[in-house]
Structures are given as C-alpha cells and as structure tokens.
Amino acid sequence: MKNFLTAFAITALIISCSKKEATSVSGATDSTKIVDSINAARTKINDSIRSTNHFKDFSGPHKLTHNSIKGSGTISFEKIDGERDHYNISGELKSGKNFLKIKGFMAVVSDKHMNFTGTISQSISGNENGKTDLRKGTKTFMSKDGGKTYRLQNMVNGSGFVDYIDIHF
C-alpha cells in the first residue's frame with residue numbers, strides 16, 4: 001500500500017509540474033496586452049466625456065444689449081477644444097459715440113451662472129462725457145429666465161451708474 005501511495009504521489013507531482021508554468025507565462029503576456037487595450041479604450045472614452053459639455057452648448061453668435069445704448073450688438077462664443085463648458089468670447093455693441101466691447105473667457109458653472117474673466121470696456125456719452133470705463137477680472141453673468149438671458153451681476157460702472165449688460169440666447 002505504501003508503494004501505491006508513493007507511486008501516486010510521484011505521478012501527481014510530475015503531472016502538476018509539467019506544462020502549467022509555460023502556459024501561465026504566455027497567459028500573463030496575453031493578459032497584459034488585454035489590460036493595456038482596455039486601458040487605452042477607457043482613456044479614449046474618458047477624454048471624450050471630459051470634452052463634452054455638462055450644460056447647454058452656447059457656441060455661436062448671440063445678441064448683446066446694454067440699457068444705455070440703443071440697438072443690439074453681437075457676442076460670439078467659441079468653444080475651447082478639449083474643455084468642458086469653456087468658451088472664448090468677444091463682442092461689440094455700437095450706437096453713435098456710445099460703445100460696449102467685451103473680450104475674454106467664459107466658464108459655464110451652472111444652469112443659471114456663467115463666470116466671465118476678461119475685459120469689458122464701455123463709453124457712454126452721458127456718463128462723464130464719454131470717458132471709457134474698464135472692468136477687468138472675473139465677473140458673473142446670471143439668468144433668471146431659464147437661460148434665455150444672462151445679465152452681468154456687477155452692475156455699477158466706474159461712474160457710479162447702473163448698467164444692464166445682457167447676453168441673449
């Protein structure tokens with residue numbers, strides 16, 4: 001009986017040590033290739049998700065108005081490639097000697113808020129004889145009508161008068 005158990009143990013040892021190591025090494029190589037291809041696919045998907053907008057797409061030209069300037073002008077939103085809800089913007093409104101110019105960067109932060117970073121320059125003939133007023137830095141535009149109109153929240157200009165600068169979508 002001892003011979004039979006010894007023979008069985010040696011046979012089991014030989015079978016268990018035969019070709020399994022060679023197979024697992026090539027299997028490890030194949031699994032590495034599979035993991036690398038899965039990671040590449042995930043990276044591609046994540047990049048596409050990262051670059052798509054979380055909020056409405058505002059790309060294109062839109063109407064720009066000011067309460068002290070007659071008529072309307074145009075403001076253009078250009079989506080920044082690879083960025084989510086970020087735009088380069090520039091716009092102008094002119095009527096006679098009065099003008100409004102806006103240029104900078106806009107980040108949409110919620111359904112009702114946009115943060116503008118850049119320069120807003122305006123000249124209104126009725127305010128300090130048309131002296132050019134500059135606003136630089138980060139300003140907030142907010143919508144109270146469901147995203148149809150966004151109004152600049154820092155409404156008091158350098159002359160102390162209230163301005164309603166609106167972007168209409």
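1. Let's start with Asp133 and Arg135. In this predicted model, their side chains meet in a salt bridge, with 3.7 Å from N to O. Both partners are out of the solvent's way: Asp133 is buried, and Arg135 is buried too.

2. Next, have a look at Arg151 and Asp166, which form a salt bridge whose closest N and O atoms are 2.7 Å apart. Arg151 belongs to strand E7 (residues 149-152) and Asp166 to strand E8 (residues 165-168), so this contact ties together parts that are 15 residues apart in sequence.

3. The two ends of that bridge have their own surroundings. Arg151 has a relative accessible area of 30%, so it counts as partly exposed. Asp166 has a relative accessible area of 7%, which is under the 20% cut-off, and therefore it is buried.

4. Glu128 and Lys131 make up another salt bridge, and here the closest N and O atoms are 3.8 Å apart. The distance still qualifies because the cut-off is within 4 Å. Glu128 is partly exposed at 42% relative accessibility, while Lys131 is exposed, with a relative accessible area of 56%.

5. How many salt bridges does a search of the whole structure find? The count is four. Among them are the Asp133 and Arg135 pair, the Arg151 and Asp166 pair, and the Glu128 and Lys131 pair.

Conventions. Residues numbered from 1 in each chain as written. Predicted model: local features only at pLDDT ≥ 70, side-chain atom pairs only at ≥ 80, totals over all residues. Heavy atoms only, no water. Buried < 20%, exposed > 50% of the residue type's maximum accessible area, 1.4 Å probe, protein only. Helix = DSSP H or I, 4+ residues; strand = E, 2+ residues; numbered from the N terminus.
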